[in-house]
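Please consult the sequence and the structure shown below while reading.

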Amino acid sequence: MRVLFLTLFLSLILNSCMQDKKPAQQQNPAVPNKVISEEMTILDFISEKENFSDFLHLIKHVNLDDTLDQEGSFTLLIPSNTAMGKIPNEKLEYLLKEENKELLTQVVELHFVKGEYILNELTNMQELNTFYPVSNIHVRIKEGSLTLSQGKPVHSFVGLRNGNVHVMDRILVHLTF
C-alpha cells in the first residue's frame, strides 16, 4: 500500500512539473491605432495622404483603386513613400511596363488583406489571406517585435468605412527579377 501511495505521489509531482512547459505566448507589441472617420473609405484616406502616393500610383496602375472604395471589409498594408523609395528605380520601371501588369497586380494584391485586422489583436504564427490567392501574410511576434511577412508596421489607422490601413516600413515581397 505504501509503495502504491508513493508511486501515485511521485507521478502527481512529475505530472505537475511537466505541465505548462509550452513556450510562452509572445506579447504582441502595440502599434498605436489612430481612429479615422467612418465616413471615409480606404481609398479616400490614402488619396488624401501624400506619404502614400507612390503605392497609390501602383494601385491605380493595375485598376485596384475601385476595390478600396467599395463596401466590404479590408485591411491595406501600405508601404510609405519612404519604404517605396528603397526599391531601385529600374525594378519599378520594369513593373510599370504594360507587359508586366500581371506581375505588378500580384505585388499589389499581396498588400490587400481580406477582413479587418487590428495589429494588437494579431497572434504569432497567424496567417492573413491576401487578395493574391496563393500567398498569405505571415504574422510573427518575436522578442517584442511584430512582423508581417518581411515588413514591420509603423503606423495604424482604423475605423474607416471599409476597413483599416497599416503603414509598413517596406514592400512585402522580394523583387527578385
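In this predicted model, strands β2 and β3 run antiparallel and are joined by three bridges. Within this pairing, Leu76 stands opposite Phe112 of β3. β2 also pairs with strand β8 (residues 163-168), here in the parallel sense and over six bridges. The bridge partner of Phe74 in β8 is Gly163.

How many residues of β2 are buried? The strand is mostly covered, with six of its six residues buried. Phe74, Leu76 and Ile78 point one way from β2, while Thr75, Leu77 and Pro79 point the other way, and all are buried.

**Overall fold**

The secondary structure of the protein chain comprises six helices and eight strands. From the N terminus on, these elements follow the order α-β-α-α-β-α-α-α-β-β-β-β-β-β. The protein chain has 177 residues, of which 41% count as buried. Among its contacts with a separation of 6 or more, 66% are between residues 24 or more positions apart. The chain exposes about 10,500 Å², and carbon and sulfur atoms supply 54% of that area.

**Aromatic pairs**

A pair of aromatic rings is described by the distance of the centres and the angle of the planes. The count of such pairs in this model comes to four. In one of them, the ring centres of Phe45 and Phe52 are 6.2 Å apart and the planes stand at 50 degrees, so the pair is tilted. Phe112 and Phe131 form another tilted pair, with 5.3 Å from centre to centre and 55 degrees between the planes. Phe112 belongs to strand β3 (residues 112-114) and Phe131 to the loop between β4 (127-129) and β5 (136-142), so this pair ties together parts that are 19 residues apart in sequence. Ring pairs also link Phe45, Phe52 and Phe157 into a cluster.

| Residue | Relative accessible area | Class |
|---|---|---|
| Phe45 | 2% | buried |
| Phe52 | 3% | buried |
| Phe112 | 2% | buried |
| Phe131 | 21% | partly exposed |

**Surroundings of Thr67**

Thr67 lies in the loop between α3 (53-61) and β2 (74-79). Its relative accessible area is 13%, and Thr67 is therefore buried, the limit being under 20%. Leaving aside neighbours within four places in sequence, Thr67 is in contact with Phe74, Phe112, Phe131 and Asn162. Both members of the Phe112 and Phe131 ring pair are thus among the contacts of Thr67.

In soluble globular proteins, nonpolar side chains tend to be buried together. The largest nonpolar core here has 34 residues, and Phe45, Ile46, Val108 and Val165 are those with the most contacts inside it. At least two residues of this core come from each of α2 (42-48), α3, β2, α5 (89-96), α6 (101-109), β7 (153-160) and β8.

Which residues does Val165 contact, leaving aside its neighbours within four places in sequence? They are Ile42, Phe45, Ile46, Leu76, Ile78, His155, Ser156, Phe157 and Leu160.

Conventions
Residues numbered from 1 in each chain as written. Predicted model: local features only at pLDDT ≥ 70, side-chain atom pairs only at ≥ 80, totals over all residues. Heavy atoms only, no water. Phe/Tyr/Trp six-rings, centres within 6.5 Å; stacked < 30°, edge-to-face > 60°. Buried < 20%, exposed > 50% of the residue type's maximum accessible area, 1.4 Å probe, protein only. Helix = DSSP H or I, 4+ residues; strand = E, 2+ residues; numbered from the N terminus. Contact = heavy atoms within 4.5 Å. Areas by Shrake-Rupley, 256 points an atom, 1.4 Å probe, with all protein chains shown as cover. Pairing = 2+ DSSP bridges. Core = buried A, V, L, I, M, F, W, Y, C linked by side-chain atoms within 4.5 Å.
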